Amino acid sequence: MTKTFFIETWGCQMNDLDSQRLSGSLKLRGYRRVDTEGEADLILLNTCSIRDKSEQKVFSHLGRLREMKSERELQIGVCGCVAQQEGEAILHRAPWVDFVMGPGNVGHLDQILSGDRRVAIDFPEDRNYDYLAIDRPSATKAQVTIIEGCNKNCTFCIVPTTRGREVSRPFDDVLREVRAAVDSGRVEIELLGQTVNAYRCPITGRDFGTLLSAVAKIDRVARLRFMTSHPAEVNDSMITAMRDHENISRYLHLPVQSGSSKILRRMKRLYTREHYLETIARIREAIPEIHFSTDVIVGFPGETDDDFEQTLSLIEKVRYGSMFAFKYSPRPGTPALKIGAPVDDAIASERLTRVFDLHERIKREHLESYRGRVLPVLVEGPSKHDASMLTGRTDYNIVVNFSTASAPAAVPPGSMLGVRIDQAQHHTLRGEAVA
Ligand code: SAH
Ligand code: F3S
């Protein structure tokens, strides 16, 4: 009998990709993926611990799996950042868990399944990155890790603990993986890393901008994105690469976290408000049509009304096309715990609402500004809501639903079309393909 598996994934794109890697290596071992936990012989929980009560969520999920396991043969593995953070403690609290495996060991699932190790939370030198085995869910897009871990140590952040020190993949490995992805029809490439623009080839020392150009030049790469850039790592080489290659998205996610230099210093973000705004201006000068998105944290210890107002004014200044905002959440073992107590929860909630309201307004204006324009759209397939229409994304990652004169089936996923925008909806655009 073929064994079956199910993977539940929480959190960021790195976790998504880790699940694709786990799934691929299980399939290589002859496992079959199933859609529900009830049918699975092996259940992997790929967890996230970036904010909130993520550990509790995992333990309550494990409580439900315990009952399932009492009724039948079942193997349970806890992976991801909660696994890394809690380690052996998971086996004490939930002894019915078979193994605990951190993000550094995704490439070593074999050893763990064979029963050699129950707790694997080291960061082995050899990450065993088998890109040919990645089980990619999309026929048109591929995510490609170029750098793992993070050396930045922002005081609020658990990632340096859960994902370890920075390790860049060799330049040529990345190019080989991209070529293989493109050969399989994945013409949209997204380079991933916690601090993607800190990339440096471990063999040749080539930097992120050089890698961007090299990937952009690969035949048939229709669109190239990357996540997440750190503002202090933006340099001319990266900006020039973006400017010179049309297939690199005119869209940049550049998390600011706060608009107050005082708070940025406490967060150890390595830039000031002024430096961040200069960086934005420098990029806009080289690439005038660029759009930005960001992450913001409210309620960090010591954030006064004035600090918060500076965050709002920075958002107004940059006019982000999209953004994510979070209430500060104290994380175990992080330096911010020593800085002081978080801002009163009611105040933090109110600040969060104000950020959302401001951003809603900016986003509406932003979407409305596309009306009447023709935008290049990368086709993903038929629209979920209306099969006579197609769906795709703009360069700025906005979903566009559109009609075409030809039959939708005649437009294969992965094609690039010009779409005239006639309507801005809540989060998406509507339009019509132009010849
Ligand atoms: N470099 C990363 C950032 C990781 S976390 C990346 O690839 O996106 C994503 C976002 O979560 C951060 O930018 C930050 O805004 C938010 N975040 C991280 N730690 C947090 C915490 N302790 N409380 C609230 N938000 C947090
Ligand atoms: Fe976290 Fe800061 Fe790195 S937010 S992932 S420590 S850049």
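Modeller: Gladly, and please keep in mind throughout that this is a predicted model. We can begin with helix H1, which lies across strands S1 (4-9), S2, S3 (42-47), S4 (75-79) and S5 and runs at about 175 degrees to S1. Helix H2 (residues 54-71) also packs on the sheet, where H2 touches S1, S3 and S4, and its direction makes about 175 degrees with that of S3.

Biologist: Is H1 mostly covered or mostly open, and how do you know?

Modeller: H1 is mostly covered, with twelve of its 16 residues buried. The buried residues include Met14, Leu17, Leu22 and Leu26, and also Asn15, Asp18, Gln20 and Arg21.

Biologist: Which strands make up the open sheet, and what makes a strand an edge strand?

Modeller: The open sheet has six strands in the order S2-S1-S3-S4-S5-S6, with parallel pairing. S2 (32-33) and S6 (119-120) are its edge strands, as each pairs on one side only.

Biologist: How do you know that S5 and S6 are paired?

Modeller: Two strands pair if there are at least two bridges between them. S5 (residues 99-101) and S6 have two bridges, in the parallel sense, and in one of the bridges Met101 has Ala120 of S6 as its partner.

Biologist: Which strands form the barrel, and in what order?

Modeller: Five strands close into a barrel in the order S15-S16-S17-S19-S18, and the pairing is mixed. Neighbouring strands of this sheet are turned by 50 degrees against each other on average, direction ignored.

Biologist: Why is Thr394 called buried?

Modeller: Buried means under 20% relative accessible area. Thr394 has 1% relative accessibility and therefore counts as buried. This residue has its place in strand S16, and a polar atom of its side chain lies 3.0 Å from the backbone nitrogen of Tyr396. Leaving aside neighbours within four places in sequence, Thr394 is in contact with Arg223, Arg225, Leu375, Pro376, Val377 and Val400.

Biologist: Why does Ser213 also count as buried?

Modeller: The relative accessible area of Ser213 is 16%, so Ser213 is buried, as the limit is 20%. Ser213 is found in helix H8 and, leaving aside neighbours within four places in sequence, is in contact with Ala241 and His245.

Biologist: Why is Thr204 called partly exposed?

Modeller: The class in question lies between 20% and 50%, so Thr204, at 44% relative accessibility, counts as partly exposed. Thr204 is found in the loop between strand S10 (188-192) and helix H8 (208-216).

Biologist: What makes the approach of Thr204 to Arg206 a polar contact?

Modeller: The pair of N or O atoms must lie within 3.5 Å, and the side chains of Thr204 and Arg206 are joined at 3.0 Å.

Biologist: Which residues touch the most other members of the largest nonpolar core?

Modeller: Of its 57 residues, Ile189, Leu191 and Phe226 touch the most other members. Helix H7 (residues 171-183) gives the most to this core, with six residues. Apart from it lies another core, of 21 residues, among them Leu45, Phe59, Trp96 and Val100. Leaving aside neighbours within four places in sequence, the contacts of Leu191 include Val144, Ile146, Phe208, Leu224 and Phe226.

Key
Residues are numbered from 1 along each chain as its sequence is written. Chains are lettered from A and ligands numbered from 1 in the order in which they are written. This is a predicted model: local features need pLDDT of at least 70, side-chain atom pairs count only at pLDDT 80 or more; totals for chains, interfaces and linings use all residues. Side-chain values use heavy atoms; hydrogens and water are left out. A nonpolar core is a set of buried Ala, Val, Leu, Ile, Met, Phe, Trp, Tyr and Cys residues joined through side-chain atoms within 4.5 Å. Buried means under 20% relative accessible area, exposed over 50%, partly exposed in between (1.4 Å probe, protein chains only). Helices (H or I, at least four residues) and strands (E, at least two) are DSSP runs, numbered from the N terminus. Contact means heavy atoms within 4.5 Å. Axes are lines fitted to C-alpha atoms, for helices over the stretch in contact, and angles run from 0 to 180 degrees between N-to-C directions. A polar contact is a pair of N or O atoms within 3.5 Å; within protein, one must be able to donate a hydrogen and the other to accept it, and residues adjacent in sequence count only if both atoms are side-chain atoms.
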